[in-house]
Amino acid sequence: MTTFVGFSTVNRSKKFTLTDFDLIKQDLINAFNIRQGTLPGRCGTGTAIWNFLFENQVEQLQQDIRAEVQRVCGGDPRIVLNDVQVYPQLNGLLLQIEITVVQTTNAEILSVFFDQQSRRATYV
């Protein structure tokens with residue numbers, strides 16, 4: 001009879017809360033760099049903002065972009081979205097996103113640039 005001994009590298013006595021702001025920023029930029037519908041089996045992951053880049057930047061489209069940022073940020077329980085400003089640029093789209101980390105009172109403004117040429121979202 002073979003006996004298997006359980007093995008785990010996880011310290012079960014410690015509980016970790018991932019609220020480090022740099023980690024949150026990286027998770028958001030990862031979500032913004034994934035085109036919605038491209039991950040197999042996870043069609044809601046990512047963002048549809050890339051579909052809006054080549055459209056005429058009218059007020060309705062800017063409202064759609066704000067709603068999309070709300071949806072993406074709403075998927076992260078560590079943050080609360082306070083405000084989104086949309087600034088069309090010559091070769092992309094600049095978003096200024098004000099978020100607050102849950103259980104803190106510090107609001108941070110993130111400037112995210114969606115570059116049409118490189119097809120990458122980056123912090124500026």
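1. R66 is partly exposed, at a relative accessible area of 26%, where "partly exposed" sits between buried (under 20% relative accessible area) and exposed (over 50%), using a 1.4 Å probe and protein chains only. Its salt-bridge partner is E59, with the closest N and O atoms 3.5 Å apart; the term takes a side-chain nitrogen of Lys or Arg within 4 Å of a carboxyl oxygen of Asp or Glu. E59 is partly exposed too, at 48%.

2. Some housekeeping before going on. This is a predicted model, so local features need pLDDT of at least 70 and side-chain atom pairs count only at pLDDT 80 or more, while totals for chains, interfaces and linings use all residues. Residues are numbered from 1 along each chain as its sequence is written, and side-chain values use heavy atoms, with hydrogens and water left out.

3. How many salt bridges does a search of the whole structure find? The count is 4. One of them joins the side chains of D27 and R78 at 2.6 Å, N to O. That pair links distant parts of the chain, with D27 in helix α1 and R78 in the loop between α2 and β1, 51 residues apart.

4. R78 also meets D76 in a salt bridge, at 2.7 Å from N to O. Both D76 and R78 are buried, and the shared partners join D27, D76 and R78 into one network. For R78 the relative accessible area is 16%, whereas D27 is partly exposed at 30%.

5. On the overall layout: the protein has 2 helices and 4 strands, in the order α-α-β-β-β-β along the sequence. These are DSSP runs numbered from the N terminus, helices being H or I with at least four residues and strands E with at least two. Of the 124 residues, 34% are buried.

6. Helix α2 covers residues 59-74, and its 16 residues reach 22 Å from first C-alpha to last, close to the 22 Å expected at 1.5 Å a residue; the expected span is 1.5 Å times one less than the number of residues. Its buried residues are L61, Q62, I65, E68, V69, V72 and C73. Seen down the axis of α2, these fall within an arc of 130°, so they line one face of the helix; the arc is that of the directions from the helix axis to the C-beta atoms. As background, an α-helix has 3.6 residues a turn, so residues three or four places apart point the same way.

7. What covers that buried set on α2? The cover includes α1 (21-33), β1 (79-89) and β2 (92-101). Over on α1, the buried residues are F21, I24, L28, I29, F32 and N33, and their cover includes α2, β1, β2, β3 and β4 (120-123).

8. The largest nonpolar core has 27 residues, and those with the most contacts inside it are F32, V69, L95, I97, I99 and F114. A core here is a set of buried Ala, Val, Leu, Ile, Met, Phe, Trp, Tyr and Cys residues joined through side-chain atoms within 4.5 Å. The elements giving it two or more residues are α1, α2, β1, β2 and β3 (107-115).

9. Leaving aside residues up to four places away in sequence, F32 touches T47, I49, W50, V69, V72, I97, V112, F114 and A121, a contact being heavy atoms within 4.5 Å.
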